[in-house]
Amino acid sequence: MSILPYIGIVVTLIIVILLARPMGSYIARAFDYTPGRLDRWFGPLEKGIYRIGGIRQDNQTWKQYAAAVLISNSILILIVYLIFRLQDKLPLNPADIGAMSPDLAFNTAVSFMTNTNLQHYSGESGLSLFSQMTAIVFMMFVSPATGIAVAIAFIRGLAGKPLGNFFVDLTRALTRILLPIATVAAIILIGLGVPQTLQTGVTAQTLEGAQQQIATGPMGTFLAIKELGNNGGGFMGANSAHPFENPGGVSNMLQIMMMMLVPVSLPFTYGKMVGNRKQGRVLFVSMMMMFIVMLSVSLFSEHQGNPLIQQAGIQQGTGSMEGKEVRIGVEQSSFYSVVTTASETGAVNTMHDTLTPIAGMVAIGNMMLNTVFGGSGVGILNVLMYAIIAVFLSGLMVGRTPEFLGRKIEGKEMKLIAVTLLIQPLLILAPTAIALMTYPNTISNPGYHGLTQVLYEFTSAAANNGSGFEGLSDNTIFWNVSTGAVMFIARYFSMVTLLAVAGSLLMKKPVPETSGTLRTDQPLFGVVFVVAVVIVGALTFFPALVLGPIAEQLTL
Amino acid sequence: MKNQASVMNRELISKALQQSVIKLNPKLMMKNPVMFVVEVGLLISILLIFIPNAFGEAVSTGFNIAVAVILLFTILFANFAEALAEGRGKAQADSLKKTKKEIMAHRVEGDHIVEVPSTDLRKGDIVQVSQGEMIPGDGEVIKGLASVDESAITGESAPVIKEAGGDFSSVTGGTMVISDEIKVRITSDPGESFMDRMISLVEGAERQKTPNEIALNTVLISLTIIFLMVVVTLPFMANYLEIDLAVPVLIALLVCLIPTTIGGLLSAIGIAGMDRVTRFNVLAMSGKAVEASGDINTIILDKTGTITYGNRMASEFVPTDGHSAQEVGYWAAISSTYDETPEGRSVLELMKKQGWNYDQELGMGAEIIEFKAETRMSGLNLPDGRRVRKGAVDAVKNWVTEQGGTIPASLQSNSDAIASAGGTPLAVAVDNTIYGLIYLKDTVKAGMKERFEQMRSMGIKTIMCTGDNPLTAATIAREAGVDDYIAESTPEDKIAVIRREQAEGKLVAMTGDGTNDAPALAQADVGIAMNSGTVAAKEAANMIDLDSDPSKIIEVVAIGKQLLMTRGSLTTFSIANDIAKYFAIIPAMFMVAIPQMQLLNVMNLHSPTSAILSALIFNAVIIPILIPLAMKGVAYKPMSSSRLLQRNLFIYGFGGVVVPFIGIKLIDLLIQWFV
């Protein structure tokens with residue numbers, strides 16, 4: 001076992017940690033409605049956009065904000081659906097790719113609008129260049145921007161400020177955060193060897209003299225927003241395991257950093273926006289701890305290798321290499337799998353189907369918890385919901401009506417949160433049970449592993465992650481429609497309920513902080529938060545995990 | 001009510017046992033969704049006893065019966081907890097009802113008096129009550145003065161004086177006049193009297209769920225639905241793996257996972273919280289008020305009677321030139337030989353404290369000069385002819401000057417110094433000589449300073465209201481350690497302070513008794529009226545202290561906090577328990593199909609059957625085990641929120657994880673011989 005890959009992991013994490021705070025402050029400033037220096041740089045462009053879009057910039061109520069999110073996103077889903085359905089008649093289709101089937105088009109449109117990027121198609125053979133460049137890339141920008149906007153609105157509510165205007169926030173997320181960073185990242189990635197061309201393929205002569213068609217395309221720009229926006233959908237079916245989508249060690253590290261950048265920064269944005277940086281730091285540290293535990297378990301399990309291969313007499317000195325790219329190696333693959341599931345990106349550089357059962361469980365566990373940083377915006381949204389639950393329980397334990405950031409958490413908020421809490425288990429467990437009962441033939445490896453495949457698919461959809469455990473024949477009407485519905489409900493239900501919570505908290509008179517107040521900016525609260533997340537998550541999914549990865553590991 | 005029966009007397013328990021069976025009625029169970037789910041599970045498992053293969057493959061009848069019996073007891077235990085809490089209230093109500101017999105009232109109608117039953121009395125009627133008669137209804141004394149025995153409501157046997165006008169004019173129906181005669185104007189219609197309200201309150205008839213209880217209930221329902229989803233989807237997943245899960249096993253898993261512990265105890269905690277307040281001789285008009293008192297940020301306290309004893313006590317002897325402090329004390333003590341006022345007593349106590357003696361014989365047979373408003377002095381004319389006086393400084397000065405004495409130069413400056421420090425100076429003189437001054441101070445009650453410190457650590461601000469001048473007020477405030485004070489305060493000042501604090505988002509509590517306190521009591525989030533106070537004050541308040549002890553507000557706050565803490569702690573405990581239950585049941589469910597699951601059987605339980613039953617039994621018996629805790633509330637010592645959280649998190653969170661591992665293992669060791 002070499003130490004070098006570990007140095008790579010540590011260095012990557014240190015860079016991410018160092019970037020988190022300044023980036024968090026930058027995001028907070030980007031969404032600050034009081035005029036500042038950033039307005040001078042981005043103002044003219046944004047004003048143009050507002051004028052073209054006819055956007056009035058007044059504050060919205062939570063209902064208006066939620067309606068703006070739902071309506072705009074639904075319209076976009078419809079447009080993109082039509083593009084996929086008509087791609088054979090639209091321009092820029094050099095590879096002559098046919099129209100998508102209705103169910104696959106529905107699934108793909110929802111998938112990309114909800115920042116999931118679950119792909120039941122292979123990019124190089126399923127989408128025209130026009131679809132890739134307009135529908136897919138466009139949504140890859142808009143969906144994380146939507147997530148960030150909603151998170152910012154929610155945080156504003158917690159801070160007792162008006163929620164803001166969705167269209168202004170959406171525009172700012174694009175102009176001030178995603179576009180500039182993605183542009184720089186794309187240039188670097190292209191420099192590292194990622195192709196950027198309108199040519200869809202080159203023909204190569206193999207050593208045996210056969211002709212091989214190698215797909216290419218405008219991948220540099222695609223890749224940048226795929227990682228930065230926690231999208232994760234691959235240009236290629238093989239995603240970041242493909243040498244064009246991930247040429248080497250440096251690009252691998254860069255992708256990991258980009259996936260983590262926005263999710264790790266948002267706790268600091270939150271801290272800054274509510275006027276107490278410690279609030280954000282506690283959540284950041286708590287999540288980082290969970291992340292490190294998850295990563296350690298995954299790495300440990302992968303290093304153990306597969307006992308069956310061991311018995312076959314094959315040395316696994318470097319760990320379980322099954323399904324991994326040799327140029328990437330066990331450590332960076334395992335690291336990538338933890339990051340992509342923690343940040344709900346869903347890009348993969350190794351096939352998660354081939355992870356050791358426990359490493360697979362870490363990946364699935366990250367998505368079940370959905371609070372180990374989580375995706376762009378929605379991650380912090382979910383984290384703050386759990387923080388409110390933690391506040392509620394620990395607030396009672398110190399003998400006061402629980403209050404969070406000076407606002408009382410009462411029946412109305414808890415009702416909304418209690419309903420939101422139900423959604424995730426409902427969207428994961430119920431369809432998993434239905435799929436196992438009705439479509440067992442779509443599973444490639446029957447048994448415990450097959451159960452995990454199904455569980456993973458719906459967990460990925462419900463967490464809006466989008467990575468696949470693969471191994472499922474998932475381009476069927478059942479899988480397309482069911483996962484499409486799961487993605488849609490998972491994404492928007494909690495956005496609406498949590499905006500309602502913000503709207504309700506906003507109306508409350510703040511309670512002054514005294515020594516009797518439960519402090520939410522102290523390490524102790526971090527502990528309560530982690531315990532709440534882990535216990536609720538563990539209790540909900542333990543039986544399913546026992547029948548999937550745990551049984552698989554025990555019976556290896 | 002003070003001497004109410006002990007927590008668990010026999011009669012109470014047998015009544016509660018009856019009630020816990022009656023409460024099995026599904027219509028009543030619906031009110032508690034968590035326990036209702038258990039009841040549905042019970043019905044299904046009873047069905048399985050008779051039709052074993054109603055839902056697929058049958059398991060042994062013995063197991064079905066065992067599950068049904070344990071579930072039945074789980075529900076009975078929860079019902080028992082609630083019934084017991086309610087029963088304690090009912091017992092109090094019954095003893096109150098006994099005092100509420102039909103009373104004949106003497107209604108004044110014009111010039112003559114008509115005898116009518118008390119139920120015929122209406123608001124505004126005037127009745128005459130003489131010695132030995134019960135007061136027929138709540139009212140206000142409009143004429144006369146009488147001593148009244150209020151032990152029926154307060155439990156205090158010493159009679160209280162009630163007189164027309166002023167703050168001691170309100171009387172309560174059911175109390176007894178033991179001397180003199182009064183005329184009372186009735187202020188309540190039948191069925192709305194104080195006693196009626198009190199009965200319905202302690203009976204819990206009017207009990208409504210408090211906001212906090214509703215919020216917690218929502219969370220519990222949500223958890224129940226989540227676990228319902230977990231358990232309902234599980235057989236489908238298992239089925240895919242060709243593992244059959246028997247319905248009673250699934251019911252056992254479900255019942256273990258849903259928060260039955262807190263679900264079963266939640267209403268008992270609420271009722272017991274109210275009851276604790278009542279037991280403390282404070283009547284809360286609603287559970288909401290008790291809960292709100294836990295959230296109090298600011299308490300407004302009257303100085304006199306709450307913070308200080310209200311009477312001035314000798315704290316120092318200050319001599320004039322040429323005399324010693326001991327001499328001042330000596331003559332002050334002589335002058336106080338027959339003085340029964342608190343000031344006089346305190347002089348003798350101060351002497352004792354200093355260890356100084358005086359000639360007690362000297363005063364024997366002396367002529368006693370009583371304190372009079374004109375002379376503003378008291379003292380003795382000793383048999384040997386010497387005349388000893390103590391009194392207001394200028395009065396004594398005049399008296400001495402009249403006898404040709406001189407006024408010591410330091411007298412004025414000393415007396416000014418005492419006055420400016422908030423004290424009252426009394427001069428001591430014998431004939432034409434002034435010996436010095438007695439420094440009278442309004443003394444802070446013992447232990448108040450510590451209590452205020454505790455309140456500060458709980459994050460509660462204390463504000464003292466006093467009619468004293470700012471100097472005196474400042475001194476007392478400093479000595480008592482209150483955070484703020486209002487000197488020369490008027491009732492309007494109190495309202496202003498309450499409004500100011502509330503504008504900052506704070507919850508304010510106050511106590512009061514006078515009619516002029518009523519608006520402030522109404523404005524405050526928690527207003528505690530003294531039972532001795534006026535009807536107006538009592539109407540405006542949301543709690544009434546039957547003992548009329550204003551410092552009780554502090555305990556009420558603690559009870560409110562304790563109520564919330566008990567709920568939070570038991571919820572945490574209940575959820576934390578699930579971890580151990582999982583480790584008991586999950587391996588047991590799958591061990592036959594997947595033998596390697598033995599690895600998860602960390603408690604090394606005997607067999608799958610014993611494991612499932614042990615978890616289920618633990619889940620049931622933990623409810624009665626925790627009943628005393630639910631009734632008493634979790635221990636609460638005032639401390640900062642972080643330390644409190646740390647402590648409760650450790651006991652109920654960590655404890656909640658560990659205890660069931662031990663408990664389930666022990667139960668397994670016991671029952672492994674039978675299964």
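1. In chain A of this predicted model, helix α9 (residues 249-273) packs against helix α12 (residues 329-342) at an angle of about 20°, and their axes lie 10 Å apart. Since angles under 35 degrees count as roughly parallel, α9(A) and α12(A) are therefore roughly parallel to each other. The crossing in which α9(A) passes α12(A) is left-handed.

2. On the α9(A) side of this pair, the contacting residues are A:Asn252, A:Ile256, A:Met259 and A:Met260, and they meet A:Gln332, A:Phe335, A:Tyr336, A:Val339 and A:Thr340 of α12(A). Sorted by class, this contact of α9(A) with α12(A) comprises six nonpolar and three polar residues, with no charged residues.

3. From α3(A), the residues A:Asn73, A:Leu76, A:Ile77, A:Val80, A:Tyr81, A:Phe84 and A:Arg85 take part in the contact, and from α4(A) they are met by A:Pro102, A:Ala105, A:Phe106, A:Thr108, A:Ala109, A:Val110, A:Phe112 and A:Met113. The residues of the contact of α3(A) with α4(A) divide into twelve nonpolar, two polar and one charged.

4. Turning to the contact between the chains, chain A gives 53 residues and chain B gives 57 residues. On the side of chain A that touches chain B, at least two residues each are supplied by α14 (378-397), α15 (411-438), α16 (448-462) and α18 (523-555) of chain A. By class, the residues of that side of chain A are 35 nonpolar, 13 polar and five charged.

5. In chain B, helix α16 (residues 470-480) has as its buried residues B:Thr472, B:Ala473, B:Ile476, B:Ala477 and B:Ala480. When α16(B) is viewed down its axis, these buried residues fall within an arc of 130°, so they line one face of the helix. B:Gly481, which comes just after α16(B), takes a positive phi of about 80°.

How values were computed
Residues are numbered from 1 along each chain as its sequence is written. Chains are lettered from A and ligands numbered from 1 in the order in which they are written. This is a predicted model: local features need pLDDT of at least 70, side-chain atom pairs count only at pLDDT 80 or more; totals for chains, interfaces and linings use all residues. Axes are lines fitted to C-alpha atoms, for helices over the stretch in contact, and angles run from 0 to 180 degrees between N-to-C directions. Helices (H or I, at least four residues) and strands (E, at least two) are DSSP runs, numbered from the N terminus. Angles under 35 degrees count as roughly parallel, over 145 as roughly antiparallel, 65 to 115 as roughly perpendicular and the rest as oblique. A crossing is left-handed if the near helix is turned anticlockwise from the far one by less than a right angle, and right-handed if clockwise. Two residues are in contact if their C-beta atoms, placed from the backbone, lie within 7 Å. Ala, Val, Leu, Ile, Met, Phe, Trp, Tyr, Cys and Pro count as nonpolar, Asp, Glu, Lys and Arg as charged, and the others, Gly among them, as polar. A residue is buried if 20 or more other C-beta atoms lie within 10 Å of its own, exposed if 12 or fewer, and partly exposed in between; C-beta atoms are placed from the backbone. The arc is that of the directions from the helix axis to the C-beta atoms.
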